[in-house]
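Subject: Structure handover

Hello,

Here is the structure we spoke about, with my notes below it. Please read them alongside the sequence.

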Amino acid sequence: MSTALVGMIAGMALGFAGWLGGFGAFLLVAALGAVGFVLGRLVDDGTDIRDFLGGRDRGRR
């Protein structure tokens, strides 16, 4: 799936959320979309989410 298609689908989802649910729903969909994007990038890059959430001091103990 191309990046342009994913962007179009995300934009349409945000547009529908804003139209049907108002500005609060728009912000909720945008925030959850951003969280999903970050988690998806971490999984695609092969980064362990526990290492990412644990911080930098995990290996020093």
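F26 is partly exposed, with a relative accessible area of 30%, a value that falls between the 20% and 50% limits of that class. The model is a predicted one, and every figure in this message was computed from it.

How many aromatic pairs does a search of the whole structure find? The search finds two. The other one joins F16 and W19, with 6.3 Å from centre to centre and 45° between the planes, and is tilted. F16 and W19 also lie in helix α1, which covers residues 3–45, and they too are three residues apart, about one turn of the helix. F16 is partly exposed, at a relative accessible area of 45%, whereas W19 is exposed, at 65%. W19 is above the 50% limit and F16 is below it, so the two residues of this pair fall into separate classes.

L28 is found in helix α1 and counts as exposed, with 52% relative accessibility. The exposed class begins over 50%. The C-alpha atoms of L28 and G18 are separated by 9.8 Å, and the two residues are 10 residues apart along the chain.

V29 lies in helix α1 as well, but is partly exposed, with a relative accessible area of 33%. From V29 to A17 the C-alpha distance is 7.0 Å, for a separation of 12 residues in sequence. Which residues does V29 touch, not counting those up to four places away in sequence? They are A13, L14 and A17.

Two of these contacts, A13 and L14, return in the lining of the largest pocket, as does V29 itself. The rest of that lining consists of T3, V6, G7, A10, A30, G33, A34 and F37. By type, the lining residues divide into eight nonpolar and three polar, with no charged residue. The volume of this pocket is about 230 Å³.

Finally, the chain as a whole. Its secondary structure comes to two helices and zero strands. Of the 61 residues in the chain, 3% are buried, where buried stands for a relative accessible area under 20%. The accessible surface comes to about 5200 Å², and carbon and sulfur atoms account for 66% of that surface.

Regards

Notes:
Residues numbered from 1 in each chain as written. Predicted model: local features only at pLDDT ≥ 70, side-chain atom pairs only at ≥ 80, totals over all residues. Heavy atoms only, no water. 1 Å grid on protein atoms, 1.4 Å probe; cavity = no way out; pocket = protein on both sides within 12 Å on 5 of 7 lines; lining within 4 Å. Points joined across faces, edges and corners; volume = space filled by probe spheres on them. Nonpolar A, V, L, I, M, F, W, Y, C, P; charged D, E, K, R; others polar. Helix = DSSP H or I, 4+ residues; strand = E, 2+ residues; numbered from the N terminus. Buried < 20%, exposed > 50% of the residue type's maximum accessible area, 1.4 Å probe, protein only. Areas by Shrake-Rupley, 256 points an atom, 1.4 Å probe, with all protein chains shown as cover. Phe/Tyr/Trp six-rings, centres within 6.5 Å; stacked < 30°, edge-to-face > 60°. Contact = heavy atoms within 4.5 Å.
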